[in-house]
Structures are given as C-alpha cells and as structure tokens.
Amino acid sequence: MNEPLVLGIETSCDETAVGIVRGRTLLANVISSSVEEHARFGGVVPEIASRAHLEAMQPTIQKAIKDAGVKLTDLDAIAVTAGPGLVGALLVGVGSAAGLAIGLDKPIYAVNHLAAHISVDYLTHTEPIDPTIALLVSGGHSSLLQIDDITSSITKLGQTIDDAAGEAFDKIARIMKLGFPGGPAIDASARLGNVDAINFPRGLTTSNDWNTRPFDFSFSGLKTAVARYLESVPDYVQADVAASFQEAIVDVLLLKSLVACKESGIDSLVIAGGVAANSRLRALAELRCAKANVRLRIPTPGLCTDNGAMVASLGALLVAAGRSPSPVAFDADSSMPVATISLA
Amino acid sequence: MTMSLAIDTSTSRTSVGIVKDGQILWSGFRDGATEHGPALPALVQEAVSKFNVEEVVVGMGPGPFTGLRVGIAFAQSFALARNIQLRGVCSLDAIAAQVQESDFIITVDARRKEVYWAQYIHGVRVGEPAVSFPADVTGAPIFADLYPDLAALVNLSGNITEPIYLRRPDAVATADRK
C-alpha cells in the first residue's frame, strides 16, 4: 500500500489534534487547543487538558473527516500517539483511536510522539530524508537523534539533562511577565533586541562536556543566569534580554546538531517540535547549515507544534513500509523511549 | 429489540457486555484501577466479533477521571465509526439496580479517602450524586463493593452527555500562588 489513507490522533499535552493524510499528502489537520485555559496557571494542568481532550475529541474528528472530504470507512488505518506525554491526556486519544479502529475494523498504529514530530517533515518534502540527524525541541523534550529509517531505526544521541528548551522559554517568559506559552512571546520581543547585549551561558559546552556528553543539553543554568540578571538590573531592556536569552538556547542547539552531523558523517538535519517554529532558530539554522554544507529541513511552523497530521504521517509511513500494526490492547506509555517508534 | 454494547469504566473494573431484551448475551470484565486503557479494546473486540451491535450505552460516572474518560472516549468513537446511537447513563444507578433493599446508599471509591455516592429511596435515586468523606455519608444501609450491572445500565433511561466529575481540576492560578 503506497498511499494509505490514515487518520492520526494526538493528545499527549494540551492540543486535541486530528490529522488525515493519504501517503505523503496532507488532507486535514484540525487542532483544538486548551492553552488559554492553562495560561492563568502558568503551565499545562494535566486534568484540565484531559477534560478538554474529551470535550473536543468528537468535533475535532468530525471536522477532520469533513475537511479531508473522505469517509471514515475509507480509512486504511488509525494512528495515535501512545507516548511520551501526560498519561491521562494520552489515554483520551488512545481510547478514541481504539474505538474508531475496532468500530471500523481497521488496524491501529500506536506511535511515538517524538518520531511523529520528525515524520511530519515527510509531508513537506517528497524525497526520503533518511538517514538524517534530527533535533527535536519542544516544551517537553530536547533531544538529538540519528534517524537511519524513520519506520524502524531511531537512535538517541543525547537529550536535555534538566529543562526542555521550550520549558526554558516558558519559565523566562513567566519571570519577565510575557505570558504563556513563552516561546512565541520571547520570539516576538527578541526581534527588536540585540542578541549580543548580554552574554548568557551556553550549557554543557566546556571541553569536559564535549568529551563526556557532547550531545546532551542543559538549560537550567541559563534560566538561573537570566533570573539573576533580571534581579540585578531592574531597568533591563526587555527586548535585549529576550534576544540574548533566545540566542543562548538557539546557539547551543545548532552547535551540537552540526557536530552530530559532522561526527556521524550525515549531512542532513531535520529540526522538529514546537521550538522549531522559533524564527531565530530557523534563520540561524539556515545560515549555519549552508556554511557547513548540511541539508536543512524544518517543517512549516504550523506543523512544528503538536498536531494530528504528524501522527497520521508516521502511521502512513509505517503502513507503506509494511510494518505490523500494534495489538488492539495496548497502554499509553508516558515515558515511551524514542527508539520505540510504534508499539508492537 | 436493540442489541446494545454496554461499557463501564467508572470503577476499578472495566466491564463490557452485550445486552438485548434485558438479557446479558455476553459479558466480560477485567479488574485493575489503571487497566482500562488496554482492557477495554480487548473486551470490546471480543464482544463485537460475536454480535452485531446497534447502540452503545456507556457509564458516565461518577468515578476516577482517567479510567472514566477511557470508556467515554472509546464509546463515542465506536458509535461514530459504526454510525449508531450512543447513550450516557449514571454508573451509580446501574450499581443500585442490583440491590434488593428499598432504601439504601451506594458508594464507590473516589480516592483521596473520599467516596462518590448517591441515596436511593424505594430504589429510586434522590438528588444528584456527590463526593464526600465516608464519615459524612449516613442515613441508610451502605452498599460499597459493587460494580455496575450491565443489563441495568442498558435499561436506564435518559442520556447524560457530560462526564459526572463532581470535582474541579486541582490547579492554583499563578496570581494566587504563595
């Protein structure tokens, strides 16, 4: 089956999302977010997210079907995020997907959220991207991965040892009273600022770090440094702090990604996840990848944040590659390792 | 009469049945407070491999939230996939239906040392379900260790469309933090 019609459901955090693809063609991508309900709490509240998922699920599925112009009975398979994520949130998606799969008597693919983030790039590029290095950066994850085959072989090279990159954006935005989620707020403020105004630390870049954990990240020291700066300089220039903080994150992300490309001999980099929507990361990645002769791919900003199309995309790739579907009875796995692309 | 698929995940037991004319033609369950995710699809797949169902009836709680939502989410999508009717009913009422006494109280575990409960007089529920500490639930014989009866679940009339949560999500607004 080269062009399978697959519906994907994503509920690992605060977006209730349903996408439909036919092979590598995106037919529908519907997202209902509860982010505004979380804003006054300064972060995602799991129970609020889970309730919102259940409320939004049926309308979201029905809109996706309508947008795609297909019938549920036309589907070849259902795909769903099985993890990692908030377990109560994941289970709403898993329950919904299982209901569809059994109701329609179609196979189900219980897929990895992180692999799905990378696979969404297949919807915007027609030629295969494997092998590639992938930088996955979001509110919950920051990892460097080597993708030899998106349907069968993903190796984790490194990951954050404390905060995720997106989490650092949220926390600094909260201290600076820029609102939640912090990524877009800091991105906007930073556009007017000087990236060199303040020299914030780059985590895990000492020579010892390069020897012992070259592809791990750390952002908690940066967060503390920014907080201290804000305390000690009461009349700070907001745009300069935002730009310098953002630069410290983006710089170290790209530095390590390109070293991973060089050391693995793979001259391709995919950047995915919500933080890949950051305009400075996108611009600097283009510059540095061009200089290093590394082919760069970043999904369009709308496909970087959590969505259902990415889950459908990975499902369709698994079907097309002839991978076995998941058993009907599977559990959500809040800490699903990235090497597990789908549950067998 | 209608061939109904009955689903309840409001307690630590995942219950699935096929009910027609008030008779249970097939039923299965699995115990485990965190087992609803894998247990429900396995049970339903077995049930619908044997019977052609025409409606889905699901227990809307009250019950521990995560498991409860698995049942409701599954039931809604299954009904959508089959293009058949879905009805939601009060899970406590499906427990109460199997009690022989006239006046009594049904409780189920709500965690955090509390119970979900409702009172029944002449077998009919009085007022809405509530969540309380067990010491505060008095006035009639209490039945605490029962699970919903699937034939009774299907027999209940009405259609509850929202989960019966009875508690707000735990969260403190940033502005209210100490």
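**Exercise 1. Describe the open sheet of five strands in chain B.**

*Solution.* The five strands form an open sheet in the order β3-β2-β1-β4-β5 (chain B), and their pairing is mixed. Strands here are DSSP runs of E with at least two residues, helices are runs of H or I with at least four residues, and both are numbered from the N terminus. Two strands pair if DSSP finds at least two bridges between them.

The model is predicted: local features need pLDDT of at least 70, side-chain atom pairs count only at pLDDT 80 or more, and totals for chains, interfaces and linings use all residues. Residues are numbered from 1 along each chain as its sequence is written, while chains are lettered from A and ligands numbered from 1 in the order in which they are written.

**Exercise 2. Determine how strand β2 of chain B is joined to β3(B), and which helices pack on the sheet.**

*Solution.* Strand β2 (residues 13-20) of chain B runs antiparallel to β3(B), and eight bridges join the two. Within this pair, B:Thr14 stands opposite B:Arg30 in β3(B).

Next come the helices. Helix α1 (residues 36-50) of chain B touches β1 (4-8), β2 and β3 of chain B, and its direction makes about 20 degrees with that of β2(B). Helix α2 (residues 65-82) of chain B touches β1, β4 (55-59) and β5 of chain B; its direction makes about 170 degrees with that of β4(B). Contact requires that the C-beta atoms of two residues, placed from the backbone, lie within 7 Å.

**Exercise 3. Explain why chain B is judged as compact as a globular protein of its length.**

*Solution.* Chain B contains four helices and nine strands, in the pattern β-β-β-α-β-α-β-α-β-β-β-β-α along the sequence. Its radius of gyration (taken over C-alpha atoms) is compared with the globule rule, 2.2 Å times the number of residues to the power 0.38. Chain B has a radius of gyration of 17 Å, close to the 16 Å that the rule gives for 178 residues, so chain B is as compact as a globular protein of that length.

**Exercise 4. State how many residues each chain gives to the contact.**

*Solution.* Chain A gives 30 residues and chain B gives 28 residues. On the side of chain A that touches chain B, the largest share, twelve residues, comes from α3(A).

Methods:
Axes are lines fitted to C-alpha atoms, for helices over the stretch in contact, and angles run from 0 to 180 degrees between N-to-C directions.
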